[in-house]
Amino acid sequence: MAQHIAANFLGTLSKSVLQSAKYLSFSPGDHVIGPLTPASDSYFYILAKGTVKLIYEDASARPLIIDLYHAGDFFGEMEIIGMKTDDRSIVAMTKCEVYQFTGEQFFDLWNNCSEFSRYILHVHCERLIRSGNDKIHSECMFLREKVFRIIQDNLNVNNYFMYTKEVLAEMAGVSLRSLNRALAELGDLKLVETSAGRIHLYVE
């Protein structure tokens, strides 16, 4: 669905707008935007064909893929407005073709083409929501693992947690509501069971 919307967005730009941009090709592995790109070399890109990856590049660790962009997607807008993204790069995964716009062209489109500015805002909202959902998912996994580790470290000889749920919530540093959600997830994974208010390891 997102790719369909992106393709439609590319179609809303007039032929003259697209012709005003540079049309560039990249081979797999090429940097479209490299790390430490100076502001004077910043451009806005719309991907016409192919797939690129947004990666986090840290000299002390392996590159981490943050996102993938496909035909009709855009990138480079943060660099255009002066945000520092020195540790992030855009790298071609396949043979790619892109429209490259200068900062002046970008702001001209923003001010004079409502479809363009509306779509940019729409995609940024989607990216924020997706980022938030990923953070929530990550924190839920962390809490689940933390609670399970506390339970394992405080079992009696019959594999029952030695304290109450209130104490477990305090040990985990969360509310009872969050604890109950974590316990339900652990129950779905058949790791723990709760019966008569007591918590114990799951037994087949």
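In strand β8, the side chains of C96, V98 and Q100 point one way while those of E97, Y99 and F101 point the other way, and all of these residues are buried, where buried means under 20% relative accessible area, exposed means over 50% and partly exposed lies in between (1.4 Å probe, protein chains only). The model is predicted, so local features need pLDDT of at least 70 and side-chain atom pairs count only at pLDDT 80 or more, whereas totals for chains, interfaces and linings use all residues. Residues are numbered from 1 along each chain as its sequence is written, and side-chain values use heavy atoms, with hydrogens and water left out.

**Strand β8 and its sheet**

- Strand β8 covers residues 96-101 and is mostly covered, six of its six residues being buried; strands (E, at least two residues) and helices (H or I, at least four) are DSSP runs numbered from the N terminus.
- An open sheet of four strands has the order β1-β8-β3-β6 with antiparallel pairing, and its edge strands are β1 and β6 (74-75), each of which pairs on one side only.
- Two strands are taken to pair if DSSP finds at least two bridges between them.
- Strands of a sheet pair through backbone hydrogen bonds, in either a parallel or an antiparallel sense.

**Cysteines**

- The structure holds zero disulfides, a disulfide being a pair of cysteine sulfur atoms within 2.5 Å.
- C96 counts as buried because its relative accessible area is 0%, and C113 counts as buried because its relative accessibility is 15%.

**Histidine 200**

- H200 has its place in strand β10, which spans residues 198-201, and H200 is buried because its relative accessible area is 10%.
- When neighbours within four places in sequence are left aside, H200 is in contact with N159, Y160, F161, V192, E193 and S195, contact meaning heavy atoms within 4.5 Å.
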